[in-house]
Amino acid sequence: MAQRQRMGNQPMIVLSEESQRTSGKDAQTMNITAGKAVAESVRTTLGPKGMDKMLVDSGGSVVVTNDGVTILKEMDIDHPAANMIVEVSETQEEEVGDGTTSAVVVAGELLDQAEELLDQDIHATTLAQGYRQAAEKAKEILDEQAIEVSTDDRATLTQIASTAMTGKGAESAKDRLAELVVDAVLAVADEDDIDTENVSVEKVVGGSIDESELVEGVIVDKERVDENMPYMVEDANVALFDGDIEVKETEIDAEVNVTDPEQLQQFLDQEEQQLREMVDHLVDVGADVVFVGDGIDDMAQHYLAQEGILAVRRAKSGDLKRLARATGGRVVSNLDDLDSDDLGFAGSVAQKDIGGDERIFVEDVEEAKSVTLILRGGTEHVVDEVERAVEDSLGVVRTTLLDGQVLPGGGAPEAELALQLRDFADSVGGREQLAVEAFADALEVIPRTLAENAGLDPIDSLVDLRARHDGGELGAGLDAYTGDVIDMEAEGVVEPLRVKTQAIESATEAAVMILRIDDVIAAGDLRSSGDDDDGEDMPAGGAGGMGGMGGMGGMGGAM
Ligand code: ADP
Ligand code: MG
């Protein structure tokens, strides 16, 4: 597409007045700068000694976090190329649950390295090819190095869970939390898949992180509907009904003309009779506890209480599903269909106080396929950050159980990749060789940043690390606490293979996509949606988006 084409001496205008267009080198530079700015904004949070960010939204609510993807989501970035880098962290979060900062930092460094080569007149397409080749090779190298972990290797699983929480708000209690996380994931694992959604998290403000616990069952954020119902039922048969226990509306909207009191009484009796029958049905099938998705009529509540049944109304459908998994019951949508076979079983169903709130605990189940982690912490911000760390940890344990392959952490895989990719570059030859070498250099951003954030000299650390890998020590990584280069596997710092392969894959894809763009054409109204209106003649998002991020980068540097 061309903005202006000359037809004779008349320029032909094909874009509207308000459209903004940047082409060639300018477009490339703009996009690279935006992408790098995103990476820069999370860089200081990487690793065990990484700092946290405080993010304040327009409504004044505050998030304090170390989690890459959370920072980027909260930052409200609106530059299109910058958003491609944000997507890298989102993919990472979805696929593995950890490594979101690393993925973005690598993407930023790939762009930085590319910029230098572009300046040397290496064509973007050549660069893209070289990067793709290098990424492909990197995956092979990592696959070869991966350490097998069996699903019953609890010690390694706990180390993986713990590594993911290093340097986060959960750090002080990470040993205990790691045990809970492993228990939780093992409990909900199905044969063919693991859905960590079946691990619910209940956050409680008050108490310390150490007092967090795992309930092998479900906690429902409700109370029993009637005070005369039991507080607790042991060995409970649990009915799960996604409907209501109320009087059925008459099908036809008929008016009932009541002429004498007896008739009215008859009418009411009929309604009571309906409710009575529903409750009787629950009694007949042997239910001791019933979770109802919708409402329960007052009269029915009274009958249920009389029968000693503990009933909960307006249970969320997600809770009903979790209850079904945990108790082995089945959710029915028509009460008449409820059979004794549909009932679940729990050793204990009880209303208990948790952090000042009453909730229903359904526990002591035979095989808890749905569990609840109760996370405690001193303040709301603390608990929120503990939750994010635990979510990462759940993700890596899940990934390890599914894939059975791990790698040492602390920059060891990146250092090894850099070494082997430089060898590989020689075999590539041509101009692509330069791109492969640049890719190798870019990966070293991880150990370099780990060192920087730990207050170490990054050059010394890298030199040390390279020497050890040259000497054949695949697992040599940087101990962020002492500054020594040590065997990370022996130290118990391990991560799933997929955390690394996914990060490299998404970072490469995003970098290549950005590099291949030589034209940015933005519709006019894009710009007016930005809040930064300095009236400069800049392409869409160029001023608005970058202004915000420049501020973020500055903040990172100051910390
Ligand atoms: P990400 O969002 O990428 O997971 P993190 O802040 O969690 O970012 O940092 C992850 C990096 O920290 C990984 O490279 C990991 O190997 C490293 N790491 C974790 N624990 C240690 C440790 N004890 N010593 C050195 N590096 C560690
Ligand atoms: Mg992490």
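Glycine 35 is found in helix α1, which covers residues 24–43. Welcome to this predicted model, in which local features need pLDDT of at least 70, side-chain atom pairs count only at pLDDT 80 or more, and totals for chains, interfaces and linings use all residues. Residues are numbered from 1 along each chain as its sequence is written, chains are lettered from A and ligands numbered from 1 in the order in which they are written, and side-chain values use heavy atoms, with hydrogens and water left out.

**The protein as a whole**

- The secondary structure comes to 19 helices and 21 strands; helices (H or I, at least four residues) and strands (E, at least two) are DSSP runs, numbered from the N terminus.
- Taken along the principal axes, the C-alpha atoms fill a box of roughly 95 × 70 × 40 Å.
- The protein has 559 residues, and 52% of them count as buried. Here buried means under 20% relative accessible area, exposed means over 50%, and partly exposed lies in between, with a 1.4 Å probe and protein chains only.
- Let us return to glycine 35: this residue is buried, with a relative accessible area of 0%.
- The C-alpha atoms of glycine 35 and leucine 282 are separated by 60 Å, and the two residues are 247 apart along the chain.

- Ligand 1 sits in the largest pocket. On a 1 Å grid over the protein atoms alone, a pocket is an open set of points with protein on both sides within 12 Å along at least five of seven lines. A molecule sits in a pocket if more than half of its atoms lie within 2 Å of its grid points.
- There are 23 residues around ligand 1, and Asp98, Thr101, Ser102, Gly410 and Glu495 come nearest; to be near, a residue needs a heavy atom within 4 Å of the molecule.
- The shell around ligand 1 divides into 8 nonpolar, 11 polar and 4 charged residues. Ala, Val, Leu, Ile, Met, Phe, Trp, Tyr, Cys and Pro count as nonpolar, Asp, Glu, Lys and Arg as charged, and the others, Gly among them, as polar.
- Helices α4 (100–119) and α14 (445–453) each supply at least two residues of this shell, and α4 gives the most, with 3 residues.

**Polar contacts**

- A polar contact is a pair of N or O atoms within 3.5 Å; within protein, one must be able to donate a hydrogen and the other to accept it, and residues adjacent in sequence count only if both atoms are side-chain atoms.
- An N or O atom in the side chain of serine 102 is 2.5 Å from an oxygen atom of ligand 1.
- For threonine 101, a polar side-chain atom lies 2.8 Å from an oxygen atom of ligand 1.
- In aspartate 98, an N or O atom of the side chain is 2.8 Å from an oxygen atom of ligand 1.
- Taken alone, ligand 1 exposes 580 Å², and the protein buries 96% of that; accessible areas come from the Shrake-Rupley method with a 1.4 Å probe, and for residues only the protein chains shown count as cover.
- Threonine 449 is found in helix α14, and its side chain reaches the backbone oxygen of valine 445 at 2.5 Å. Threonine 449 counts as buried because its relative accessibility is 0%.

- Aspartate 235 is not a glycine, yet its phi is positive, near 45 degrees. This aspartate 235 lies in strand β10 (residues 232–241), and counts as exposed because its relative accessibility is 51%.
- Aspartate 364 also has a positive phi, of about 55 degrees, although it is not a glycine. The loop between β15 (357–363) and β16 (371–377) holds aspartate 364, which counts as exposed at 54% relative accessibility.

Technical notes:
1 Å grid on protein atoms, 1.4 Å probe; cavity = no way out; pocket = protein on both sides within 12 Å on 5 of 7 lines; lining within 4 Å.
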